[in-house]
There are 2 protein chains.
Amino acid sequence: MGDKYDRLKICNQLCFPLYACSKEIVKRYKPYLDPIDLTYTQYITMMVVWEEKEITVKALGDKLFLDSGTLTPVLKKLEQKGYVKRSRSKDDERNLIITLTKEGEDLREEALSIPGKMGKCVNISPEENKTLYELLYKVLGSFEEDED
Amino acid sequence: MGDKYDRLKICNQLCFPLYACSKEIVKRYKPYLDPIDLTYTQYITMMVVWEEKEITVKALGDKLFLDSGTLTPVLKKLEQKGYVKRSRSKDDERNLIITLTKEGEDLREEALSIPGKMGKCVNISPEENKTLYELLYKVLGSFEEDED
DNA sequence: CAAAATTAAATTGCGTACAATTCAATCATA
DNA sequence: TATGATTGAATTGTACGCAATTTAATTTTG
């Protein structure tokens with residue numbers, strides 16, 4: 001009953017629900033991120049800075065799967081808002097070190113309620129959540145393997 | 001061993017691997033889409049047009065989870081390349097009808113090999129693929145429910 | 001040690017995404 | 001049936017996201 005074009009149907013793609021789901025979830029962060037004046041990209045960047053306190057743009061990019069073309073303007077914006085400091089490494093002037101400021105530290109408290117609120121917004125069971133999480137990391141992992 | 005900030009860790013988010021995975025897969029389409037001069041957004045748009053032959057921008061947006069702000073320039077580009085025609089509906093002048101052209105039809109043949117090539121690039125088993133697919137649509141479905 | 005290669009950020013240019021607004025067409029209803 | 005509400009696209013403005021290039025610092029090697 002299927003013709004040769006079936007595999008080109010949108011409903012037969014894995015990438016499409018991934019793409020759509022990602023966008024829809026990011027969109028749903030907005031109401032929770034607006035009050036603390038962060039975009040989604042700025043939020044995940046702050047998440048890493050909150051954990052590391054100090055990190056290079058390179059390391060940040062590796063963790064977030066983002067390059068300097070994306071990160072440079074994001075980090076300049078975060079510096080402008082006072083949440084991070086940008087300074088060259090003394091060891092190697094090529095490296096830009098991102099440091100968490102006091103204001104950035106304070107913002108962490110305000111962000112603390114966001115994961116819980118978002119969790120409620122994704123209507124799947126804890127087991128399904130875990131399965132989804134693991135499969136996504138499996139795919140991501142398989143990508144990192146075949147990078148020369 | 002965990003502190004109150006654990007839930008703000010990037011590794012404890014479901015959204016992050018979703019966001020990263022989506023971007024990485026889209027990036028991996030590029031080598032296959034470049035030869036037929038389509039971007040990923042143009043490709044998924046063409047997928048729907050190939051299936052429907054004729055569809056309004058509204059319906060296209062509902063299927064792709066994209067609004068007119070994104071679709072208008074994409075469709076103008078596809079028209080410019082000769083793959084679709086844009087014309088107002090006679091029934092209701094508010095509706096813009098997207099129609100597949102002969103060139104667009106021909107492009108379908110060239111795109112036929114892409115899903116197979118991409119499939120090989122995602123290193124998970126068919127069962128895992130199915131599970132992932134279903135979970136993603138479950139999340140997407142739960143989003144559509146709570147839209148007023 | 002000097003030239004060549006590599007590396008990390010920044011820059012440039014293009015194409016999304018999406019919120020918010022505008023505009024024109026159609027619909028609902030008083 | 002006039003008019004207020006709704007609808008579908010387009011427009012505007014902001015923020016990514018990434019390929020490709022540039023620049024400066026460091027490392028490799030001849």
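1. Between chain B and chain A there are 4 salt bridges, and the model in which they are found is a predicted one. In one salt bridge, the side chain of Lys4(A) meets that of Glu109(B), with 2.9 Å from N to O.

2. The side of chain B that touches chain A draws two or more residues from each of several helices, namely H1 (15-33), H2 (40-52), H3 (57-64), H5 (102-111), H6 (114-121) and H7 (126-145) of chain B. Of these elements, H1(B) gives the most, with 14 residues. Sorted by class, the residues on this side of chain B are 38 nonpolar, 7 polar and 14 charged.

3. As for the extent of the interface, 59 residues of chain B are in contact with 59 residues of chain A. The area buried between the two chains is about 6,400 Å², and carbon and sulfur atoms give 69% of that area. Within chain B, the residues that lose the most area to chain A are Leu8(B), Leu14(B) and Phe143(B), which together make up 11% of what that side buries.

4. Turning to the sheet of chain B, the reader will find 3 strands that form an open sheet in the order S1-S3-S2, with antiparallel pairing. Strands S1 (54-56) and S2 (84-88) of chain B each have a single partner strand, and therefore each stands at an edge with one side left without a neighbour in the sheet. On average, and with direction ignored, neighbouring strands of this sheet are turned by 25 degrees against each other.

5. The pairing of S2(B) with strand S3 of chain B, which spans residues 96-100, is antiparallel and extends over 5 bridges. In this part of the sheet, Val84(B) stands opposite Leu100(B), a residue of S3(B). Helix H4 of chain B, residues 68-80, packs on the sheet and touches both S2 and S3 of chain B, while its direction makes about 120 degrees with that of S2(B).

6. Chain A also holds an open sheet of 3 strands, whose order is S1-S3-S2 and whose pairing is antiparallel. Its edge strands are S1 (54-56) and S2 (84-88) of chain A, each of which pairs on one side only. Neighbouring strands in this sheet are turned against each other by 25 degrees on average, again with direction ignored.

7. In chain A, S1(A) and strand S3 (residues 96-100) run antiparallel and are joined by 3 bridges, and Thr56(A) stands opposite Ile97(A) of S3(A). Two helices lie across strands of chain A: helix H2 (residues 40-52) lies across S1, S2 and S3, running at about 80 degrees to S3(A), whereas helix H3 (residues 57-64) lies across S1 and S3, running at about 85 degrees to S1(A).

8. Over all chains, the structure holds 28 salt bridges. Among them is the one in which the side chains of Arg28(B) and Glu24(B) meet, with 3.1 Å from N to O. Where do these two residues stand along helix H1 of chain B? Arg28(B) and Glu24(B) are 4 residues apart in that helix, so about one helical turn separates them.

Technical notes. Residues numbered from 1 in each chain as written. Chains lettered and ligands numbered in written order. Predicted model: local features only at pLDDT ≥ 70, side-chain atom pairs only at ≥ 80, totals over all residues. Heavy atoms only, no water. Pairing = 2+ DSSP bridges. Axes fitted to C-alpha atoms, helices over the stretch in contact; angles between N-to-C directions. Contact = heavy atoms within 4.5 Å. Buried area = accessible area lost by both parts, 1.4 Å probe. Nonpolar A, V, L, I, M, F, W, Y, C, P; charged D, E, K, R; others polar.
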